[in-house]
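The following exercises are to be worked through with the sequence and the structure at hand. Each task is followed by a solution in steps.

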Protein chains: 2
Amino acid sequence: MVVKIDDVAKVAGVSKTTVSRVLNNRGYLSEKTIKKVHDAIDYLNYQPNAVARQLYKKETKLVGLIFPTVDNPFFGELVAELEKRLFDAGFKVLIGNSMNDPEKEETYLKELISNQVDGLIVGAQNIGIDEYHNANLPVVAIDRVMNEDIPVISSDNYMGGKLATELLINSGAKHIINTDGPRNLETPAHRRRDAYEDVMKDHGLDPHTCLIDFNWDMDQKAKAVQEIFTEYPEVDGIFATNDIDAALIWQTATKLGYKIPDDLKIVGYDGSNTTRMLLPELTTIQQPVEEMATAAVKTLIQRIDGKKTDLEQTIPVKVWQGQSI
Amino acid sequence: MVVKIDDVAKVAGVSKTTVSRVLNNRGYLSEKTIKKVHDAIDYLNYQPNAVARQLYKKETKLVGLIFPTVDNPFFGELVAELEKRLFDAGFKVLIGNSMNDPEKEETYLKELISNQVDGLIVGAQNIGIDEYHNANLPVVAIDRVMNEDIPVISSDNYMGGKLATELLINSGAKHIINTDGPRNLETPAHRRRDAYEDVMKDHGLDPHTCLIDFNWDMDQKAKAVQEIFTEYPEVDGIFATNDIDAALIWQTATKLGYKIPDDLKIVGYDGSNTTRMLLPELTTIQQPVEEMATAAVKTLIQRIDGKKTDLEQTIPVKVWQGQSI
């Protein structure tokens, strides 16, 4: 049996309008009336219908998250940390995995706006989504440049790229290759590559970046990794832009007879819980996932409350010392 | 500027009621009128308000997922696969990570019911949540026994446990330990342990199960793993009930001087994408995540449509051949 507002009114001995006023905290109400209604709600275990409630209040207490996929250790951890903080702040989370599919991202965005989410946190990797500009909705981006009005939270990508490249050079590598996603995607993550190029040049070394698109399937990625070894047989160091690429590089190199780290040194990027648990031997740049989640949720709530916020927040990274350099 | 139903009515040259009838496909309407309204909607890029629309239709096209945490390679992959299929079927996904917290699960459940989700898919690991019995809502469980009315989708846990134990015995292990979560949790995953005990006894070997709770933090888990080696110094094989435990056991054993697989053989359980990418050396029982997601979404939609469904669906597992046995 579903308990309705009429039942609450009957048990409390007041009108439906009074119950609805108590629920929405509107109009003058005596303490006695408020107590009677709350007692009836407790007695009947009444759960007010959120859809109906939304029509009074403007807020839905829903936040949408659009990320490539939770089937990736970094995004899985990030989404889990965001969800934890949003839950504590009283929000429920609608999730969309938009990977590999700008159309899916656009559909999500339209539907989330139509469902009247109070705000969005976005880290998807598609380009040219116009709806964000017209969304008229509080949005916070993680590692993605959307437009000049949308705040961006990132780890210190430049420092991460610098640390990674210096680790490789200091451990004796000279022919160091970098992997990165497509350059047309506007993300601060490209600063990892910028730093790599700067550090290489400072040391009189030639930078070479090979494309590995996050959205590719495993076969495409494996092919791209194979090509690194064909094209650059002298390679003795690789700075991979994420740990999954680094793991694939490690496996491929081992099959080709390279000993890690003697013949080839590898540094990854992300350093999620899962990666550090399953592949602790990988030296990697650890993103501050918890701090990024805290900053993103705090900034989104400030935006929802109509407050001004910083447009860019950069959070320090650290090195996870494995055995791959 | 937000486009409103009044704007559509004005551009189409019809009344608001007519626009709303077209949107909701109600009442008699001429083809000409329908076309005029659709042209105006396209021209203005009007997006009907989902909240208002919900009041006409009963369905919300929202499905809630309650799982321990997407910060785990198996649940991350499962949630991603569920989301993909629900999206294709026209549903949006509300997600709750309930790990370690029955109160959080209960809060989620109340709020999801109050938000009028059309259904729930649940794989959370808490016990004693009464709300499911009163939810009056289509629910499908993955690897969890809820009540006699709620269909359960699982991998073939008994076969998985049998395969794992036989792999260890056939590769020469005699003192084989199993890890499992608390027995009071009603999940078909315990059948892995039942199979382990049956196979051990069939071979005249003594079964011993050590408790590692999925909800424990890493320090607690590490302590429990240490105790296995203190308590059973003769251990030469371990069947871990998930790959994260298996990885932790591998690391601990290596630190203690065991060579894998010469001194100690390990078989895990789950075999997610991420585990096979980061730790391909781990021999493990691979759960059929895609098939489980397909079965769960299909069953939920049948339930939403008021159809009868199977109460238990068990999907075959396979062995991922690593180098840990």
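**Exercise 1.** Determine which residues of H3(A) are buried and which are exposed.

*Solution.* Step 1: the buried residues of H3(A) are A:Val37, A:Ala40 and A:Ile41. A residue is buried if 20 or more other C-beta atoms, placed from the backbone, lie within 10 Å of its own, exposed if 12 or fewer, and partly exposed in between. Step 2: these three lie on the same side of H3(A) because they cover an arc of only 100 degrees around the axis, the arc being that of the directions from the helix axis to the C-beta atoms. Step 3: A:Glu31, A:Lys32, A:Lys35 and A:Asp42 are exposed on the other side of H3(A).

The model is predicted: local features need pLDDT of at least 70, side-chain atom pairs count only at pLDDT 80 or more, and totals for chains, interfaces and linings use all residues. Residues are numbered from 1 along each chain as its sequence is written, while chains are lettered from A and ligands numbered from 1 in the order in which they are written.

**Exercise 2.** Compare the span of H3 of chain A with the expected value, and state what follows the helix.

*Solution.* Step 1: H3 comprises residues 31-44 of chain A, 14 residues. Helices (H or I, at least four residues) and strands (E, at least two) are DSSP runs, numbered from the N terminus. Step 2: from first C-alpha to last, H3 reaches 20 Å, close to the 20 Å expected at 1.5 Å a residue; the expected span is 1.5 Å times one less than the number of residues. Step 3: A:Asn45 follows H3(A) and has a positive phi, near 55 degrees.

**Exercise 3.** Describe the surroundings of B:Ala141.

*Solution.* Step 1: B:Ala141 belongs to strand S4 (residues 139-142) of chain B. Step 2: with 26 other C-beta atoms within 10 Å, B:Ala141 is buried. Step 3: leaving aside neighbours within four places in sequence, its contacts (C-beta atoms, placed from the backbone, within 7 Å) are B:Val122, B:Gly123, B:Met146, B:Ile150, B:Pro151 and B:Val152. Step 4: the C-alpha atoms of B:Ala141 and B:Ile153 are separated by 6.2 Å, although the residues are 12 apart along the chain.

**Exercise 4.** Which phi does B:Asp143 have, and where is this residue found?

*Solution.* Step 1: B:Asp143 is not a glycine, yet its phi is positive, about 55 degrees. Step 2: B:Asp143 is in the loop between S4 and strand S5 (152-155) of chain B. Step 3: B:Asp143 is buried, with 21 other C-beta atoms within 10 Å.

Notes. Contact = placed C-beta atoms within 7 Å.
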